[in-house]
Amino acid sequence: MKATNSFTKDNIIGTGRTGTMYKAMLPDGSSLMVKRLQDSRRLEKEFVSEMNTIGSVKHRNLVPLLGFCVAKKERFLVYKYMENGTLYDKLHPAEPEVCNMDWPLRLKIAIGSARGLAWLHHNCNPRIIHRNISSKCILLDGDFEPKLSDFGLARLMNPVDTHLSTFVNGEFGDLGYVAPEYLRTLAATPKGDVYSFGVVLLELVTGEKPTHLVNAPESFKGGLVEWITQLSDNSLLQTAIDKSLLGNGFENELNQCLRVACNCVLSTPKERPTMFEVNQLLRAIGERYNFTTDEDITLLPSHSGDADFPDELIVAEEAK
């Protein structure tokens, strides 16, 4: 309470489906981030068990969970502070500001985010499906190194309601990021994460939000994916690229990245690449920048060769 100034609105870093993130100032002048979870119906014992699991998952592209607190019905998570806030706020600043992120920086963020998500999918055992990928859950540290937040939190929220209201209320992520098959299956899958990540890639290349497009014709009522699909069908895909990125010699990389994004948001899950493949493709695009590290994704033997989870396995892993 003291560190967040009684959770004042001025300290809000971001708000998402799982709760609100606040900046917390400690007496020594250092900062943390505190997430105040929305109503979680998990028992305290279950919550503590989940937190211990999430706390043990560590990677350079995941926001480190430092601790948690249970007070009556309240649940708080304490994270390392990320100086540059969310990717969403950096890409879509409030007027009259203009986004000043150049292409190499955007590509660095794409590669690091893909590496973190691929690690959750392919190197964790049991692997973790994020379920809530968006540019709002990609946080940027002082060096603009991207770090995914909210991984593992989806299961802490209310038990999955198989009613359509779960989509209306954003139970499966923010509007514009939800894979179309979720409406039919109501099951979280790795390919659903790939779709959501594809939308983030489209944001990085076009500068557009997932909904409420600026550069689409006024008569167009769809979201970013629908607009890109329409342009692609009419061989006009290049017209979607953020104008501020053109003319600087990055056209080839922009087009390659756009193609990867389009493959991620294909309507049929089986046609989408895995996050391992997305990570490899983006690394190849950014090869000349030396963004990659020795610590890269290797497929665990149990995770290779299966492009998708069978539904039974998802259910079994959820039960664990």
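**Aromatic pairs and a hairpin**

In this predicted model, the count of aromatic pairs comes to three. The rings of Phe7 and Phe76 have centres 5.4 Å apart and planes at 10°, which is under the 30 degrees that sets the limit for stacking, so this pair is stacked.

**The stacked pair and its cluster**

- Phe7 counts as buried, at 11% relative accessibility, and Phe76 is buried as well, with a relative accessible area of 12%.
- Phe7 and Phe76 are joined with Tyr22 into a cluster through ring pairs.

**The edge-to-face pair**

- The rings of Phe47 and Phe68 have their centres 5.8 Å apart and their planes at 85°, so this pair is edge-to-face.
- Because Phe47 lies in helix α1 (residues 44-55) and Phe68 in strand β4 (residues 65-71), the pair ties together parts that are 21 residues apart in sequence.
- Phe47 counts as buried, at 0% relative accessibility, whereas Phe68 is partly exposed, with a relative accessible area of 31%.

**Charges over rings**

- The charged end of Arg75 sits over the ring of Phe47, at 5.2 Å from its centre.
- Lys136 lies over the face of Tyr88, 4.9 Å from the ring centre.

**The hairpin**

- Strands β1 (residues 12-16) and β2 (residues 19-25) run antiparallel and are joined by four bridges, and they form a hairpin with two residues between them.

Terms used: Residues numbered from 1 in each chain as written. Predicted model: local features only at pLDDT ≥ 70, side-chain atom pairs only at ≥ 80, totals over all residues. Heavy atoms only, no water. Pairing = 2+ DSSP bridges. Phe/Tyr/Trp six-rings, centres within 6.5 Å; stacked < 30°, edge-to-face > 60°. Buried < 20%, exposed > 50% of the residue type's maximum accessible area, 1.4 Å probe, protein only. Lys NZ or Arg CZ within 6 Å of the ring centre and 35° of its normal.
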